[in-house]
Every structure is written in C-alpha cells, then in structure tokens.
Amino acid sequence: MSEQLSDIGLVGLAVMGQNLALNIADHGFRISVYNRTTATMEKFVAENPNTPGGLAGHASLADFVASLKRPRRVIILVKAGAGTDAVIDQLVPLMEQGDIVIDGGNANWNDTIRREKDLKAKGLRFIGSGVSGGEEGARFGPALMPGGDPAAYKEIEAIWNAIAAKVDAETGKPLEGAAPGKPVVGGVPCATFIGPDGAGHYVKMCHNGIEYGDMQMICEAYWMMSSLLGMSADECGKVFAKWNTGVLDSFLIEITADILQQKDPMTGGSIVDYILDTAGQKGTGKWTSVSALDMGVPAATIAESVFARYLSAIKAERVAAAKILTGPTPAFTGDKEACIQAIHDALYCSKICSYAQGFQLMREAQKEYKWKLNFGEISMIWRGGCIIRARFLQKIKEAFDRNGELANLLLDPYFKSEIDRTQSNWRTVVAEASLNGIPVPTFASALAYYDSYRSLRLPANLLQGQRDFFGAHTYERTDQPRGKFYHIDWPEPGRPQLEM
Ligand code: NBP
C-alpha cells in the first residue's frame, strides 16, 4: 500500500517550525516535516505521535517532497536570509511546475520580491507570509500576512484560515483558550491576502516596527513612574494591570504588568531591577526605519525607538558619561495620581502617532511597489495572534472602514477627539520629563510629529533659504503657484544686505 500523502510540508523545525507544524496538524491536516539536522526531526515526530492530522517525518528532502499532495505546498521556516535561499535552492530541482513555496520566516521584503520573480521564472509559485505572535502564536494561532501569487494563496487559504488566531466578529476581541489538539472553533481568522510579491513581508516588517515603538513607549511610561514618582516595579506593574482594562488594553501592556510584578528567583526582589538595561534587536525595526528614510516618510517615532535601543546598548559609554555630564535630579511635588493619569495619556497619544506613522509608511510603500493594500483588513488581522494585538486596533479598523483613503490616522474623527481629550496631559509629561532630565525619546518625538503635522507653517522657509544660499538649490515662493522655482544672488557671508 502506498504511503498516505500529506496536505502540506514544512522545512525547519526550530521553535517556530515545530509549533506551526503542531498547529497545522491540530486542525486535521497531515503535514510532512523535514529539518537539516535529522535528529531534531526524529525527536519532534517521536514526541508528538497522536496529533489529529498526523506528522510524517522525512530524513531526505527528496522523500519529503515526494510525500506531498500536488500541487506540493512547502512552508520554509528557517533562519531568514541565506538559510532560506539555501533551502529554496535544494527544493527547486525536486519540485514540479505549479508547486508552491511558502516562506514563513522574517524575510526582508526585497528578498521576497527577488525570490518570487526567480521562482516564477522556474514555473514555481511563491508566497512570502509574515507570521506573527512568536512561539505561542505559531502554536495556537498567529496573525498571518501572506503576499505573492494570489492564485497560489487560494491553494493554502483553507489551511491559513484554520491555523490563524481568531477574533470575535462583533467585538474584535481575540478568542482564547486553544490547547494542544483542541483549537479554537469559530471566529474571524487573523489572516488575509495582503498583496503581490513582497507585500506580506513588508506589512509584517511594519508590524514589527510598530511593535518596537509600542515597547519603547511602554518603557518610557514605566521610567517616568519609576524615576519621577519613585514607584517600585511592583507598583508600576499594578498600574499597567489597571491600564490593561482601558483604551490601552493589549498583549504588550498585559505582559508588562506581569514582568514588572515578577520576582527574581535568586534574590526575591523585582526581576526587572536585576535585568541589565541594554536592549538587543534582530533588525526588523531598523528595516522599517530605513524604508521610511528611503521613501521620505516621517516615521520618526518608530526610528526613535530603534535609536533608543542603540543608545541603551552603549552601556559602558553611558556609565562613563554619567560621571561627567550633568542634568537635573528628578523631583516631584504634584499630585501623584494625576501624574500617573498624565503618563497614561502620554503613552496613548504617542501610540496613536506611532501607528499613524506605520500606516503612512505602508501607504507610501503601496505606491512605490504598486500594491493595493487594504488597511482596514491589515488592522483587523492584527487584532489577534500578533505581538501588537490590542483593543485599539478595532478603532483603527473602524477608522479605515469610515474612510479607506484616510491620509493619516490623526485625521480620523475618533482619533482626533481622543488626542483633543488627552493632549494636554501628554504635553505636561514631555515637559516634566524634560525639566527633570528623564529621557522620553518616543513620547517627545511623537509630540513633535503631531505638532509638525498640524502646523500650517514650519521653519523650512529658512532651510530652503540656507540651501539656496550655499548651493543654489532654489526655493518656491509663498506668493506664487507651486512648482515655480526661484534663486537670488545672495551676498557673501558676513557682508551687509544691499539696499533694495
Ligand atoms: P531560527 O531562525 O533560529 O532558525 C533555525 C532553523 O533554521 C533550524 O531549523 C535550522 O536547522 C535551520 N537552518 C539554518 Br539556521 N540554516 C539552514 C540552512 N542553511 N539550511 C537548512 N536549514 C537551516 O528558527 P526560529 O526562531 O524558529 O525562526 C524561524 C523563522 O521564523 C525565522 O525566519 C524567524 O525570523 C521567523 N520568526 C521567528 C519568530 C520567533 O519568535 N522566534 C517569530 C516570528 C518569525 P538546524 O536544526 O539543522 O540547525
């Protein structure tokens, strides 16, 4: 009797691959698995003998490919970059016209555009799918952002919809409670086709950039409570737990509350007080910021969150500078509860600006790469499964439902009224931080973004004058139509103006 063919295959059995394979098998799909190091595959299959769909382990890539139903569908979940290219190179000779390769790793969207083109030329179809939610998401429901060949996506759509996180159709709240062998039933899947070639991976990258911003802003809120109000980590944790019941309700606020209240097993103190203050990163926040710089999109708050990690990482230099450079010593005399509320509002307003920037970046990218992104659907699939999942995303979805062509989230009536309601507290916090010498780079950057974006005039008139002075770069005039450029013969530096 011939071996039962699998519905889909997966290459790469590290954390993400193992969890996604189990998620797929839990939904009744038979899945073949392969890993470069065979022992990892053997151990994984042996440890999971009774999944609903079944796992079929293969030590040879040729046997693995032969074990799949046609058109063959192979998910790659290996280290992004050279690892993905190496696997594709080995797969191509084993696959047939019309077969589908799906890269679920954190690929750079430019690599995805290249891979899709290369494979198309070889008669293969390619999907670059963002997978968000880390280990837990992969196991019980990630947010999935597939891009590439739309006809190929139709071939995996049923599996993608089945394994994705689910949210309540009415409220947008994530449906939780999945357990091994018992996936969540019903709900709206957090998966949607994003667009051609690299669109899925681009949107996943922006998700990560926004995540960088969210994380840094939360850290600044904690730091204000700690440095200005002298609150313990435990006290801060309780405040975050309370905030998680309001407009800031989100996965990141929830875990922040837990992290701050976590005790250190070695000392019994708060664990955060023992974690070294140097941040690492894997690069997707940097990619987001580089893309913003390349396309001329002012995503300054997201970029600031990347720089904040870099600054934290030069710990030795900071320790030396702390002995030399001076500034005010934080001292607070006002109403503590009012200050905590102000910090909440500063975090909320900054978050709105950071998301406004992320969506503006995607809006510009769709022009650059000729995609047609649906921002309502993107915010919808981010409501569950992913790291930035939040109640707030329902409001963003509603904003894009009201106006699919919304130029900036700040212009949506709901977000405008929210900022109107809370901005005075935001300004107070940035001012207090500045007066007390406490760094709040993303709060301050977001406020500068907000004030710049709403400014009828900015001092770029002087800047254009400077550019024309030293480089004859020309300027447009306030009293003439746009698109007409002028230059004057500026006097030598230091020489008085000629009488007109
Ligand atoms: P890693 O990114 O740590 O990669 C390890 C896997 O890649 C192992 O299966 C390893 O095989 C395989 N691999 C490598 Br390394 N080089 C290879 C090569 N040249 N040929 C074949 N296989 C190779 O795994 P991960 O953390 O599970 O992440 C997988 C993907 O998912 C990455 O792209 C990651 O960025 C993305 N992602 C991760 C997370 C997360 O929370 N970890 C979240 C979202 C997305 P071996 O066993 O033989 O060494």
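Helix axes here are lines fitted to C-alpha atoms over the stretch in contact, and angles run from 0 to 180 degrees between N-to-C directions. The model is predicted: local features need pLDDT of at least 70, side-chain atom pairs count only at pLDDT 80 or more, and totals for chains, interfaces and linings use all residues. Residues are numbered from 1 along each chain as its sequence is written, and side-chain values use heavy atoms, with hydrogens and water left out.

Start with the domains. Select 8-197 for domain 1, 202-453 for domain 2 and 460-499 for domain 3; such bounds come from an automatic or database domain assignment. The centres of domain 2 and domain 3, taken over C-alpha atoms, lie 39 Å apart.

Next, select residues 284-295, helix α11, and residues 336-369, helix α14. Helices (H or I, at least four residues) and strands (E, at least two) are DSSP runs, numbered from the N terminus. The two axes are 10 Å apart, at an angle of about 60°.

Show the side chains at the contact (heavy atoms within 4.5 Å). On α11 these belong to T288, S291, A292 and M295, and on α14 to L361, E364, A365 and E368.

Finally, select E96 and R72, whose side chains form a salt bridge at 3.7 Å, N to O. The term means a side-chain nitrogen of Lys or Arg within 4 Å of a carboxyl oxygen of Asp or Glu. E96 sits in the loop between α4 (82-91) and β5 (100-103), and R72 in the loop between α3 (61-66) and β4 (73-76), 24 residues apart. The structure holds 29 salt bridges.
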